Amino acid sequence: MTPGKPSTANAGEPAKRSSISPADPCTIVIFGASGDLSRRKLIPALYSLAAQNCLARRFAIIGFARTPMTDEAFQQLAIDSVKKFADNGTGNDLQCKEFAQSLAYVSGEYHHPEAFEKLKHRLEELDRAHNLTGNRLFYLATPPDVYPLIIEQLHKAGLAKHPNGKSWVRIIIEKPFGRDLESAQKLNQTILKVFDEPQVYRIDHYLGKDTVQNLLVLRFGNGIFEPLWNRNFVDHVQITAAETLGVEQRAAFYETAGATRDMIQSHVLQLTSLVSMEPPAAFDATAVRNEKIKVLQSIRPFTEESIKTEIVRGQYGPGRMPGNSSLLAGYRQEPGVKKDSTTETFVAAKLHIDNWRWAGVPFYLRTGKRLPSRVTEIAIQFRRAPHLVFRGQNISSNTLVLNVQPDEGISISFHAKLPGQEMKLKTVTMDFSYRKEFGGGERSAYATLLNDCMRGDATLFDRADGVEAAWALVNPILDYFESHKPKFPNYAAGTWGPKEADELLERDGRHWRKP
């Protein structure tokens, strides 16, 4: 088989119903190719795209890392990764082996110019051998402190711009993009000295999930929702990103990050901006990202006084998950965590968006580790009916819920009459499930975003000003956390966070949803 040519091993089998489009011919270079992100996410995502005929007929993948490895060893690593982590139903053993033939490997130190010269020669060799037209995609799947070094070496090797001026060169930057506003600005300056902004794709894998994208379709593609999407009809919005896992093997990273940096600044604020943005003039990168930045700039800045009343932080202690008698360690007992650590594993926040659409509508955000269930959802809580005709009935507000993970879908609750002579009401739910409607398992967000990048569609990627606006909002919170030491731990593993998080809503006469 010619490297890069998609297999026909599954010919005649029903394909998944998918809107992913084929990409341009190109070479994909993964820096940090021997690492966890590459093995668990990137290689399986690229394989899935190839299996679904969503890569070009001609492509190549080069892994670059410090670890010495032959092409054959890297190909075997890819086969093992695909078998363990790829989407279900995307191929078979023959297809997997054919995909692996498209992989090559270059080992070298990131600070050695000769390693990047070796990479350059390998790129040119593959371009000639497989007629890849010079298109190149660089993916930085390394620790963030290596990003500036790789960017500098790409520049010195002449790889940041293609000399013929006809082919494209793009770079994907993984999160975390900086650790505060100052470092994010410095990283942007480093990148933009070498690459032009249209070449840069700052990735947040949450935005590749179908339900997140479908939020825009729900709002702007249907006439029945958008008229209600404002302060006149919405009481409040809740966004929850909950994990059952603890810190696992990420203590070295998490001790320097915490839930605010890891989740609020990126994933949760991205969801907030998509929920609340104005209709874009067109569904393209410029229009969508312009509206998202307007939301971030409209969020009321946090002061020391507002942080005291509208931000809650927590750290899990020992506890048990519902239905499991095993005692789980607290965060401070996890391997690699300081015994007196003040790193937060939970954050809840109340946001105010000071614009015409959302004035007076609070947005409640929460994220945490070791919570009772793994769920990411957006809940739009509508106002109660102004006149309660059915007095004495327990009538709650209507809620529209977008389930981002693990079971992607949308549900809406309303009231119906129970059978019988008496007027008794019950809250019922209409559900839309991606799995039931479109078949197959959960689609890889990385596959969607990699495909978008190769097609030059930056709609779901962050822009420099968007990253900096999010950090500008979060920075005062981080400064406050640094100067005010908390009393931790303050919630048990297997619970929904500290009691102060419940009080945050109860003061407003509201309650957190139970996912």
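Visitor: Which backbone nitrogen does the side chain of Ser-444 reach at 3.3 Å?

Guide: That of Tyr-446. A polar contact is a pair of N or O atoms within 3.5 Å; within protein, one must be able to donate a hydrogen and the other to accept it, and residues adjacent in sequence count only if both atoms are side-chain atoms. The Ser-444 side chain also reaches the backbone nitrogen of Ala-447, at 3.1 Å. Keep in mind that this is a predicted model, where local features need pLDDT of at least 70, side-chain atom pairs count only at pLDDT 80 or more, and totals for chains, interfaces and linings use all residues. Residues are numbered from 1 along each chain as its sequence is written, and side-chain values use heavy atoms, leaving out hydrogens and water.

Visitor: Is Ser-444 buried or exposed?

Guide: Buried means under 20% relative accessible area, exposed over 50%, and partly exposed in between (1.4 Å probe, protein chains only). Ser-444 has 16%, so it counts as buried.

Visitor: Where does Ser-444 lie?

Guide: Helices (H or I, at least four residues) and strands (E, at least two) are DSSP runs, numbered from the N terminus. Ser-444 is in the loop between helix H11 (434-438) and helix H12 (445-455).

Visitor: What is the order of the strands in the open sheet?

Guide: Two strands pair if DSSP finds at least two bridges between them. Here the order of the six strands is E3-E2-E1-E4-E5-E6, with parallel pairing. Strand E3 (103-107) and strand E6 (200-202) are at the edges with a single partner strand each, so one side of each has no neighbour in the sheet.

Visitor: Which residue in E5 is the bridge partner of Tyr-139?

Guide: Ile-172. Strands E4 (residues 136-140) and E5 (residues 169-173) pair over five bridges.
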